Amino acid sequence: MNKYYLIFLIWLLPIYFLVQFGYQALTYYGIQSTYNQGDSYVATVTDFDVKQIAAQTNGYVVINFTTSGGEVVEKRLALPVQFAQVIMNSELIPVRYSGSSFSPIVMMPVYDLQQNVIRVNLAVTLFGTLVTIIVSFFASRYALRKVIEGDDKLEIEMMDEVTPAVT
């Protein structure tokens with residue numbers, strides 16, 4: 001097997017970015033759908049925690065509410081630090097709920113911020129996808145050329161004269 005075939009694995013990067021872009025798009029349209037067609041409830045915060053590990057800060061909130069159909073919904077939601085700052089001192093949080101949505105719960109106080117974060121994520125993953133497609137294209141051309149033409153032969157030739165040692 002030619003070692004240049006491994007270069008074609010670089011196409012896994014744009015595929016990864018496309019999957020991430022799809023996930024972010026589904027999340028964006030999921031929160032839009034829940035916000036527009038979901039039912040409004042007031043959720044009780046049953047647990048809240050924010051952790052700081054090195055330079056990363058994140059946490060979670062556990063909310064509990066009862067739907068109009070009598071179903072008790074208790075959900076643990078991940079919280080980036082920006083979201084946590086908004087709802088940190090809240091015991092009751094207004095939410096929108098749509099069980100059939102990709103993102104079934106939207107916390108109303110962080111809705112605008114959540115949309116902005118997802119838009120930035122979409123832009124970054126789109127940029128990453130385009131850049132890695134371009135890099136993958138040129139890397140594949142290089143690898144294909146090396147597979148077809150083969151490696152360059154490296155010949156080492158001494159150019160200086162060897163002088164005998166004087167005793």
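User: Why is Ile105 called buried?

Analyst: In this predicted model, the relative accessibility of Ile105 is 10%. Buried means under 20% relative accessible area, so Ile105 counts as buried. Ile105 lies in strand 5. Its C-alpha atom is separated by 6.6 Å from that of Val95, ten residues apart from Ile105 along the chain.

User: What makes Ser101 buried or exposed?

Analyst: Ser101 has a relative accessible area of 12%. Since the limit for buried is under 20%, Ser101 is buried. Ser101 is placed in the loop between strand 4 (92–97) and strand 5. Between the C-alpha atoms of Ser101 and Thr66, 35 residues apart along the chain, the separation is 17 Å.

User: Why is Phe17 described as partly exposed?

Analyst: The relative accessible area of Phe17 is 22%. Buried requires a value under 20% and exposed a value over 50%, with partly exposed in between; Phe17 is therefore partly exposed. Phe17 belongs to helix 1. The C-alpha atoms of Phe17 and Val124 are separated by 9.4 Å, although these residues are 107 residues apart along the chain.

User: How do you know that helix 1 and helix 3 are roughly antiparallel?

Analyst: Two packed helices are described by the angle between their axes and the distance between the axes. For helix 1 and helix 3, the angle is about 160° and the axes are 8 Å apart. Angles over 145 degrees count as roughly antiparallel, and helix 1 and helix 3 are therefore described in that way. Their crossing is left-handed. By class, the residues in the contact of helix 1 with helix 3 are 14 nonpolar, twelve polar and one charged.

User: What makes up the lining of the largest pocket, and which element supplies the largest share of it?

Analyst: Rolling a probe the size of a water molecule over the atoms shows where empty space is left. The largest pocket has a volume of about 540 Å³, and 19 residues line it. Nearest its centre lie Tyr23, Thr27, Ala78, Phe83 and Gln114. At least two lining residues come from each of helix 1 (12–37), strand 3 (72–80), strand 5 (105–107) and helix 3 (111–149). The largest share, five residues, is supplied by strand 3.

User: How many residues of that lining are nonpolar, polar and charged?

Analyst: The lining of the largest pocket divides into 13 nonpolar residues, five polar and one charged.

Technical notes
Residues are numbered from 1 along each chain as its sequence is written. This is a predicted model: local features need pLDDT of at least 70, side-chain atom pairs count only at pLDDT 80 or more; totals for chains, interfaces and linings use all residues. Side-chain values use heavy atoms; hydrogens and water are left out. On a 1 Å grid over the protein atoms alone, a cavity is a set of points where a 1.4 Å probe fits but cannot get out, and a pocket is an open set with protein on both sides within 12 Å along at least five of seven lines; lining residues have an atom within 4 Å of a point. Grid points are joined across faces, edges and corners, and a volume is the space filled by probe spheres set on the points. Helices (H or I, at least four residues) and strands (E, at least two) are DSSP runs, numbered from the N terminus. Ala, Val, Leu, Ile, Met, Phe, Trp, Tyr, Cys and Pro count as nonpolar, Asp, Glu, Lys and Arg as charged, and the others, Gly among them, as polar. Axes are lines fitted to C-alpha atoms, for helices over the stretch in contact, and angles run from 0 to 180 degrees between N-to-C directions. Angles under 35 degrees count as roughly parallel, over 145 as roughly antiparallel, 65 to 115 as roughly perpendicular and the rest as oblique. A crossing is left-handed if the near helix is turned anticlockwise from the far one by less than a right angle, and right-handed if clockwise. Buried means under 20% relative accessible area, exposed over 50%, partly exposed in between (1.4 Å probe, protein chains only).
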